[in-house]
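Hello,

Here is the structure I promised to pass on to you. Please have it open while you read the rest of this message.

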Amino acid sequence: MIKLLKIEAKKILTYKIFWILIGLYFIFLSAGISMAEFMINNMVDSTNRHLPIPIPHVAIYFFPWVWQNIAFFASIRYVLIFPAMVIIILITNEFTFKTIRQNVINGMSKAEFLASKLQLILLISLAITFLLSIGTLILGLSNTSDISFGLVLEKSSFIFGFFVTILSFQIFALFFGFLLRNTGLSIALFTLYVFIVEPILYYFLKSPIVFKNDISTYLPVNSILRITEYPAIPVLKQVMGLNLQDSVSFLACCIPLFYSALMVGIVYWVLLKRDL
Amino acid sequence: METILSVNNISKRYGKIQAVNDLSLEVKKGQVFGILGPNGSGKTTTLSTILELIRANKGDFQWFGEEPSKESRKRIGSVIESPNFFPYLSPAINLKIVADIKDHDYGDIDRVLILTGLYERRNSRFKTFSFGMKQRLAVASALLGNPDVLILDEPTNGLDPQGIAHIRELILSIASQGTTIILASHLLDEVQKICSHVAVLDKGKKLFDGKVSEVLAISDSFELASHDLEGLKKVVAQHPAFQSITPSSDQILVYFKDEVKAEELNQFFFLKGIILSHLSERKRSLEQHFLELLDDNK
């Protein structure tokens, strides 16, 4: 395991595009998180103009709800797309530069090659989750007045949910990269699927006219994003009548993990079958 | 002698094109084995198959008497087609990746960079290299860690004359240390200068194989003419080294099995009562010879 990660480290440490995209990811992520409260209250203000009894302003950065809120804002498509693109570029580069051929010639098995990319995804997911946890802790600690240990950890299952989200979203990107092998094509089709094809499918499947039971939760990207379905804003519950989730459900994590396992299986099978 | 590689009846088809057709080869330890053939004769497909980049439709092969595996590939250094490295990494880091995969330490990297003349450029990015330098880095990567077998696919392709001479010298000096070398080339002259054994491929089929000195032995030919052309044809067939004859309207082209000298030939005909009006020795170029070998098998 260490050996394969050592090789991956050499491939990315001095790769500018990798660091630019990761940097952009953190800029968008922190901008999104720090703007969230302001933007929600803006919405509240404009709604209040039409209401006889105004809705109070919301606060979202305090324990224990800050875990869920940060997990929600970090699980937005527009933010998740950055690490996914990093993965697509790193994988399709190997085909463009034909370095996957050279790795195999030099004595790497195809299984090891796939494992090295999966380990990289695991490492990136752990690193992002870790940094996000630190950020959430700082944000929570500075915005919560009455802090206790139990309160801080109460909703921390959401950060585990976020880990599953970022892990399976990158594996979805890996799937596109390995099957299409071409950088431009993979990014185009991946973006098209995530932002256009699946949202259309989602509304189609959600409609009770089409299916009696809502099966839209089983769409791959939707299942990933639904792990943290809503931010924890009590006013949403009152105004819109939404059922807010209490914690990350085990079942909600199972669906994307099942997809991930399936996709890794398909990639491995194709890799063995196809000539390099 | 220990068998390094045995290839048994492999075939590979790409759609309608039969790239390799029922090919068998045997490479023994210490041989410099040339795979010679024109472009598209299946050389690279054969090498890609034995390096497990592509799967043959039929047949199998063994490395070092064992089923092929990643462990056997770690004992082989290869240059296949274009040099494949990360363009944004320096040669030193690119070679470290190779060393990691092969389970070597980094101690040998400087040696192969010096050997291929790239040491001064070890920290520039690969994409700033000229094609010749890229090709030399590919050779350096193949040499890393002193592999038991070296596989070289057109190693001098795209190099300038100096580069070609340098790489050939390098190959010969590695071969002299007992490393087995498998070299694919469409240059007959290259195979003849470097290899001890050769297999000639055309359209995916092996035409013949054996020692270079035997397969590529060159019989000289002579252009002969006489006023008595019919008599000349009869007499020439009686020559002990006679091989074949290609007649034309006013002269004949005669091939001999062994080396024949012009003055001996002149004397031979004179004693048989034939006066030659034309006697000219024709040295066939190696390329011409190679084309004739291919032609014979059509």
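This is a predicted model: local features need pLDDT of at least 70, side-chain atom pairs count only at pLDDT 80 or more; totals for chains, interfaces and linings use all residues.

Let's start with the backbone. Most peptide bonds are trans, and most residues other than glycine have a negative phi. In chain A, the bond between Phe63(A) and Pro64(A) is cis, with omega at about 0°. You can find Pro64(A) in the loop between α2 (16-48) and α3 (65-74) of chain A.

Chain B has two residues to look at for their phi. Asn9(B) is not a glycine, yet its phi is positive, at about 50°. Asn9(B) sits in strand β1 (residues 3-14) of chain B, and it counts as partly exposed because it has 13 C-beta neighbours inside 10 Å. Phe64(B), also not a glycine, has a positive phi of about 55°. Its place is the loop between β4 (58-63) and α2 (70-74) of chain B, and with 17 other C-beta atoms within 10 Å, Phe64(B) is partly exposed.

Now for the sheet. In chain B, four strands make an open, antiparallel sheet, ordered β11-β12-β10-β13. At its edges are β11 (242-247) and β13 (276-282) of chain B, each pairing on one side only. On average, neighbouring strands here are turned by 25° against each other, direction ignored.

Which helices pack on this sheet? Helix α9 (residues 229-236) of chain B does, touching β10, β11 and β12 (252-256) of chain B. Helix α10 (residues 262-271) of chain B packs on it too, touching β10 and β13 of chain B.

Happy exploring!

Conventions: Residues are numbered from 1 along each chain as its sequence is written. Chains are lettered from A and ligands numbered from 1 in the order in which they are written. Helices (H or I, at least four residues) and strands (E, at least two) are DSSP runs, numbered from the N terminus. A residue is buried if 20 or more other C-beta atoms lie within 10 Å of its own, exposed if 12 or fewer, and partly exposed in between; C-beta atoms are placed from the backbone. Two strands pair if DSSP finds at least two bridges between them. Axes are lines fitted to C-alpha atoms, for helices over the stretch in contact, and angles run from 0 to 180 degrees between N-to-C directions. Two residues are in contact if their C-beta atoms, placed from the backbone, lie within 7 Å.
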